[in-house]
Amino acid sequence: MGRSCEGRVALVTGASRGIGEGAALRLAAEGAAVAAVARTRADGDHRLPGSLEQLVAAIRSSGGRAVGIPADLSDPSLDRAEIVAQAEEELDGKIDILVNNAARAFYQPFTELTEKRWRIAYELNVWAPWDLARLVLPGMRELGRGAIVNISSGVAESPDLPPNRASGPTMTGCLYGSTKAALNRWTTGLAAETWDDMITVNALSPEAAVMTPGAGDYVNLPPESLEPMETMCEAILALCTAEPQELSGRITYSLSLICELNRPVRTLDGSELLPGWQPGDIDPERLRS
């Protein structure tokens with residue numbers, strides 16, 4: 001049985017660590033050539049572990065193809081067309097998978113948020129995904145196939161108002177949540193526009209907190225409120241390989257999608273099933289959709 005992404009070219013943003021790194025590894029394990037985009041070029045360039053060099057080396061050591069493209073997607077002066085051009089030249093093919101994962105999550109009360117933070121969040125969380133999608137769509141249409149997966153967040157949903165007042169990230173997530181709500185809306189709009197082009201466009205959020213190195217700055221949750229990296233990345237892979245016109249225009253969650261599709265969850269290298277996190281193992285009470 002062949003690998004599900006054999007012959008495909010994927011561009012994954014925010015790929016030096018966390019969900020982006022996991023998605024890049026999972027796609028590469030399924031045969032995709034991966035262009036990984038992030039700010040952190042080498043180990044030691046950031047206070048958190050992980051780098052493009054480390055990711056690319058891991059993919060290549062497993063026999064895959066990958067290129068690292070250092071870029072700050074929050075910089076409004078960045079020419080994102082150069083990223084797409086470099087990826088397609090070095091990987092010798094048009095991008096037909098785009099995973100828009102890079103984001104900044106600022107959790108502060110509305111009156112404490114600065115204009116600078118509003119601009120950074122919208123540039124990275126909304127404008128950069130839109131720009132990259134715009135740039136890869138012509139190639140996808142030429143190929144007659146493509147998948148765009150926008151990584152969203154449950155914070156996009158409106159918080160409860162009194163008397164059922166929200167707490168935690170939802171309560172102070174007006175900025176981050178508003179960027180993800182915008183992302184969700186253009187996801188469904190673009191899905192409708194590309195329906196006849198055999199291009200899928202979906203938004204995916206973690207069902208629970210995925211404890212990435214960066215997420216540790218924002219959340220402090222008990223184990224029962226967490227999910228492993230593998231479930232999120234398996235759901236990303238499912239959306240990247242979905243049949244056109246069967247699974248598009250969805251605003252969904254990782255565990256819910258896995259259960260809906262009855263999809264086995266594998267380790268990031270694709271070699272084994274992940275114990276305890278198969279569809280039949282997941283408590284329905286955890287599902288949000």
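Reader: What does contact mean here?
Author: The model is predicted, so a cut-off on atoms comes with a cut-off on confidence: local features need pLDDT of at least 70, side-chain atom pairs count only at pLDDT 80 or more, and totals for chains, interfaces and linings use all residues. Residues are numbered from 1 along each chain as its sequence is written, and side-chain values use heavy atoms, with hydrogens and water left out. Contact means heavy atoms within 4.5 Å.

Reader: Which residues does Asn101 touch, not counting residues up to four places away in sequence?
Author: Asn101 lies in the loop between strand 4 (97-100) and helix 4 (115-143); helices (H or I, at least four residues) and strands (E, at least two) are DSSP runs, numbered from the N terminus. Its relative accessibility is 13%, so Asn101 counts as buried (under 20% relative accessible area; exposed is over 50%, partly exposed in between, with a 1.4 Å probe and protein chains only). Beyond four places in sequence, Asn101 touches Thr13, Gly14, Ile19, Gly20 and Ile151.

Reader: Is helix 3 oblique or parallel to helix 4?
Author: The axes of helix 3 (residues 80-91) and helix 4 come within 10 Å and cross at roughly 50 degrees. Axes are lines fitted to C-alpha atoms, for helices over the stretch in contact, and angles run from 0 to 180 degrees between N-to-C directions. Under 35 degrees counts as roughly parallel, over 145 as roughly antiparallel, 65 to 115 as roughly perpendicular and the rest as oblique. Helix 3 is therefore, relative to helix 4, oblique.

Reader: How many residues of the contact of helix 3 with helix 4 are nonpolar?
Author: Helix 3 contributes Arg80, Ala81 and Val84, which meet Glu123, Trp127, Ala128, Asp131, Leu132, Leu135 and Val136 in helix 4. Ala, Val, Leu, Ile, Met, Phe, Trp, Tyr, Cys and Pro count as nonpolar, Asp, Glu, Lys and Arg as charged, and the others, Gly among them, as polar. The contact has three charged residues, no polar ones, and the nonpolar ones number seven.

Reader: Within what arc do the buried residues of helix 2 fall?
Author: Leu52, Leu55, Val56 and Ile59 are buried in helix 2 (residues 52-61). They line one face of the helix, because, seen down its axis, they fall within an arc (of the directions from the helix axis to the C-beta atoms) of 95 degrees.

Reader: Is Met198 buried or partly exposed?
Author: Met198 is found in the loop between helix 5 (174-193) and strand 6 (199-205). Its phi is positive, about 65 degrees, although Met198 is not a glycine. With a relative accessible area of 32%, Met198 is partly exposed.
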